[in-house]
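Visitor: Hi! Could you walk me through this one, a question at a time?

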Amino acid sequence: MSNFVWCHGPSCHKSHTQDRIRGVKGSKVLRTRKVAQTTWNTAEHMSMYSYFCSNRCYNNFANTYVREIIALHPRTEALETSIDVVKEQATDYFGHPYTNTKIIAVDNNGG
Ligand SMILES: [Zn+2]
């Protein structure tokens, strides 16, 4: 079982770094980096790092393919989060009163 994916950065193979050099003298190339699949980068919240070797490659990918990505997930209307705005009276370190405004998310679906 392969334990890596090739970096999806469209210009990964054009970066001049020693670790990308492959081949023998006279026919050397710069090759796309492998991205090792670890428990760290394959966890759900870290999934972007399982496809890209660096933030530079991720940004290059996003800037190159942003229109296709947006076409897959278009935003045609604004999203909203229900909140309560609560104003609380408090005192600072010196005992001066001030009003603290808190925004509290309201779960309308959870009952
Ligand atoms: Zn890369």
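Visitor: Which residues does valine 35 touch, not counting residues up to four places away in sequence?

Guide: Some ground rules before that: this is a predicted model, where local features need pLDDT of at least 70 and side-chain atom pairs count only at pLDDT 80 or more, while totals for chains, interfaces and linings use all residues. Residues are numbered from 1 along each chain as its sequence is written, and side-chain values use heavy atoms, with hydrogens and water left out. A contact means heavy atoms within 4.5 Å. With that rule, valine 35 touches Asn3, Phe4, Val5, Cys7, Asn41, Tyr49, Ser50, Tyr51, Phe52 and Cys53.

Visitor: Which residues make up the largest nonpolar core?

Guide: A nonpolar core is a set of buried Ala, Val, Leu, Ile, Met, Phe, Trp, Tyr and Cys residues joined through side-chain atoms within 4.5 Å. Buried means under 20% relative accessible area, exposed over 50%, and partly exposed in between (1.4 Å probe, protein chains only). Cysteine 7 and cysteine 12 are both buried. The largest core has six residues: Cys7, Cys12, Val35, Met48, Phe52 and Cys57.

Visitor: What is the arrangement of the four donor atoms around the zinc ion?

Guide: Donors are N, O and S atoms within 2.8 Å of the metal (3.2 Å for Na, K and Ca), and water is not among the atoms, so sites may look incomplete. Here the zinc ion is held by the SG atoms of Cys7, Cys12, Cys53 and Cys57, at 2.2 to 2.4 Å. Four donors count as tetrahedral if all angles lie between 85 and 135 degrees. The angles here are 106 to 116 degrees, so the arrangement is tetrahedral.

Visitor: Is serine 15 buried or exposed?

Guide: Serine 15 sits in the loop between β1 (4–6) and β2 (21–22); strands are DSSP runs (E, at least two residues), and helices are too (H or I, at least four), numbered from the N terminus. Leaving out residues up to four places away in sequence, serine 15 touches Arg20, Leu30 and Arg56. Its relative accessible area is 7%, so serine 15 is buried.

Visitor: What kind of aromatic pair do phenylalanine 61 and tyrosine 65 form?

Guide: Rings of Phe, Tyr and Trp (its six-membered ring) pair if their centres lie within 6.5 Å; planes under 30 degrees apart count as stacked, over 60 as edge-to-face and the rest as tilted. By this rule there are five aromatic pairs. Phenylalanine 61 and tyrosine 65 are 5.0 Å apart, centre to centre, with 55 degrees between the planes, and this pair is tilted.

Key: Tetrahedral: all angles 85-135°; square planar, octahedral: opposite > 155°, others 65-115°.
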